[in-house]
Amino acid sequence: LDGSAAIYDEVVCRCSESYTLRGQGCDGKDNNCDQIVDDCEEDKFAPEININAAITQCGNKRWFTEVQDAIDCVTNAVVVGDDCDQAVLTATPTMSGSCSEAEIALDASDACGNVAETKVVPVSIDLEG
């Protein structure tokens, strides 16, 4: 019997079907013992989106004359993080009934397909100048 498998199991493999801590799926260990360290099956947590700075910097107290300016403000101010990988942020503007009220919906996903809960930042856009 080759001892390398036992050494692998002891040093690298930590079989556990329940990951309760962020980052546990990308900790340099084979948590599900499939002989692949830190694969997507181990990445259980979605990215997180923090919109606090975006609301402060870009919220309804500030007026934009272009939709893209509002999107740029929000995407530059928002903080997106993922425990294992870089997250991709998508911003989708939605205009409401009046010309000044709008929302920018923010979605984030990681390379393993984990998707964050959508966050919405209200903005004011005066398209009539």
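**Close-up views of a predicted model**

**View 1. E42 and the backbone of D38.** A polar atom of the E42 side chain lies 3.4 Å from the backbone nitrogen of D38. E42 sits in the loop between helix 1 (4-11) and strand 1 (48-50). Helices (H or I, at least four residues) and strands (E, at least two) are DSSP runs, numbered from the N terminus. E42 counts as buried because its relative accessibility is 1%. Buried means under 20% relative accessible area, exposed over 50%, and partly exposed in between (1.4 Å probe, protein chains only). The model is predicted: local features need pLDDT of at least 70, side-chain atom pairs count only at pLDDT 80 or more, and totals for chains, interfaces and linings use all residues. Residues are numbered from 1 along each chain as its sequence is written, and side-chain values use heavy atoms, with hydrogens and water left out.

**View 2. Confidence along the chain.** Mean pLDDT (the predictor's confidence in each residue, from 0 to 100) is 83 for the protein, and 81% of the residues score at least 70. Confidence is highest in strand 1, at a mean of 96, and lowest in helix 1, at 51. Where pLDDT is low, the predicted coordinates should not be read in detail.

**View 3. The salt bridge of E48 and R22.** The structure holds one salt bridge (a side-chain nitrogen of Lys or Arg within 4 Å of a carboxyl oxygen of Asp or Glu). In the pair of E48 and R22, the closest N and O atoms are 3.8 Å apart. The pair links distant parts of the chain, 26 residues apart: E48 is in strand 1, R22 in the loop between helix 1 and strand 1. E48 is partly exposed at 46% relative accessibility. R22 is partly exposed too, at 35%.

**View 4. Disulfide C26 to C84.** The sulfur atoms are 2.1 Å apart; a disulfide is a pair of cysteine sulfur atoms within 2.5 Å. The torsion about the S-S bond of C26 and C84 is about -85°, so this link is left-handed. C26 lies in the loop between helix 1 and strand 1 and C84 in the loop between strand 3 (79-81) and strand 4 (88-95), so the pair ties together parts 58 residues apart in sequence.

**View 5. Disulfide C58 to C73.** Here the S to S distance is 2.0 Å. The link of C58 and C73 is left-handed, with -90° about the S-S bond. C58 belongs to helix 2 and C73 to helix 3, 15 residues apart. Both cysteines, C58 and C73, are buried.

Conventions
Polar contact = N/O pair within 3.5 Å; in protein donor to acceptor, adjacent residues only side chain to side chain.
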